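Visitor: I have just opened this entry. Can you walk me through how to read it?

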Amino acid sequence: MNEVKFSVRIKVKDMFLFLLQHSYRGASLIVDVLITAGAVALLLMGFGKDNPVKTVALLFLALLFTVFYPVQLYLRAKKQVAGNAVFQKPLEYVLNDEGITMSQEEASESFAWSDVFRIKETRSLIMVYTGRVYACVWPKRELSACEPQVREMFQKHLTAKVAGRSIKK
């Protein structure tokens, strides 16, 4: 049986990057960019120059999605990693013809390849979604030597729609 085994330890940076990817996408990203761009444009045009309350409000809107929200996500990631026992020890993964098995100490969970509906890849993460908000997050630094075998498993067991949509070949 063809099998790939690896272990993953999620760090604060990994969780932060996952939360950023999950938060800044779709319609919410467009709205955030429009609000930020609008606030910056109004500030540059001098709107509210005579009224400090308007200036502060526009400055707050300009910084809300570009500074404050990412800082909040980082703090949430830090709290989540520090406060959740799952992230204190490495998670062991086994990919085989049946699907993906995730285990840690005595606990184990498996799901079939048919349960995977999206794979998203960034420069530093591979995220395997089995639900709208549930994903296995695999830092590439943890995969290192077995990353080609992981990609091979994706190509072999996932439909072209899922395997090819977000994974770089």
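Visitor: Let me start with one residue. Which residues does Gln-104 touch, not counting residues up to four places away in sequence?

Guide: First, a caution: this is a predicted model. In it, Gln-104 touches Ala-85, Val-86, Lys-89, Pro-90 and Leu-91.

Visitor: Where does Gln-104 sit?

Guide: Gln-104 is in strand β3, which covers residues 99–104.

Visitor: Is Gln-104 buried or exposed?

Guide: Look at relative accessibility. Under 20% counts as buried. Gln-104 is at 15%, so it is buried.

Visitor: How far is Gln-104 from Ala-145 in sequence and in space?

Guide: They are 41 residues apart in sequence. C-alpha to C-alpha, they are 21 Å apart in space.

Visitor: Now a helix. How do I check the length of α1?

Guide: Helix α1 holds twelve residues, 12–23. At 1.5 Å a residue, it should span 16 Å. Its end C-alpha atoms are 16 Å apart, which agrees.

Visitor: What about the nonpolar core? Which residues touch the most other members?

Guide: In soluble globular proteins, nonpolar side chains tend to be buried together. Here the largest nonpolar core has 38 residues. Phe-6, Tyr-93, Leu-95 and Trp-138 touch the most other members. At least two residues each come from β1 (3–8), α1, α3, β2, β3, β6, β7 and α5 (147–157). The largest share, five residues, comes from β6.

Visitor: What does Leu-95 touch, leaving out residues up to four places away in sequence?

Guide: Its contacts include Phe-6 and Trp-138. Among the others are Val-4, Ile-100, Trp-113, Val-150 and Met-153.

Visitor: Step back. How many helices and strands are there?

Guide: Six helices and seven strands. From the N terminus, the order is β-α-α-α-β-β-β-β-β-β-α-α-α. The radius of gyration is 20 Å, well over the 15 Å that the globule rule gives for 169 residues, so the protein is more spread out than a compact globule. Along its principal axes, the C-alpha trace spans about 75 × 35 × 25 Å.

Visitor: What share of the residues counts as buried?

Guide: Of the 169 residues, 36%.

Visitor: Which elements have the lowest and highest mean pLDDT?

Guide: Helix α6 (residues 160–165) has the lowest, 57. Strand β2 (residues 91–96) has the highest, 95. The mean for the protein is 87, and 93% of residues reach 70 or more.

Conventions
Residues are numbered from 1 along each chain as its sequence is written. This is a predicted model: local features need pLDDT of at least 70, side-chain atom pairs count only at pLDDT 80 or more; totals for chains, interfaces and linings use all residues. Side-chain values use heavy atoms; hydrogens and water are left out. Helices (H or I, at least four residues) and strands (E, at least two) are DSSP runs, numbered from the N terminus. Buried means under 20% relative accessible area, exposed over 50%, partly exposed in between (1.4 Å probe, protein chains only). Contact means heavy atoms within 4.5 Å. The expected span of a helix is 1.5 Å times one less than its number of residues. pLDDT is the predictor's confidence in each residue, from 0 to 100. A nonpolar core is a set of buried Ala, Val, Leu, Ile, Met, Phe, Trp, Tyr and Cys residues joined through side-chain atoms within 4.5 Å. The radius of gyration is taken over C-alpha atoms; the globule rule is 2.2 Å times the number of residues to the power 0.38.
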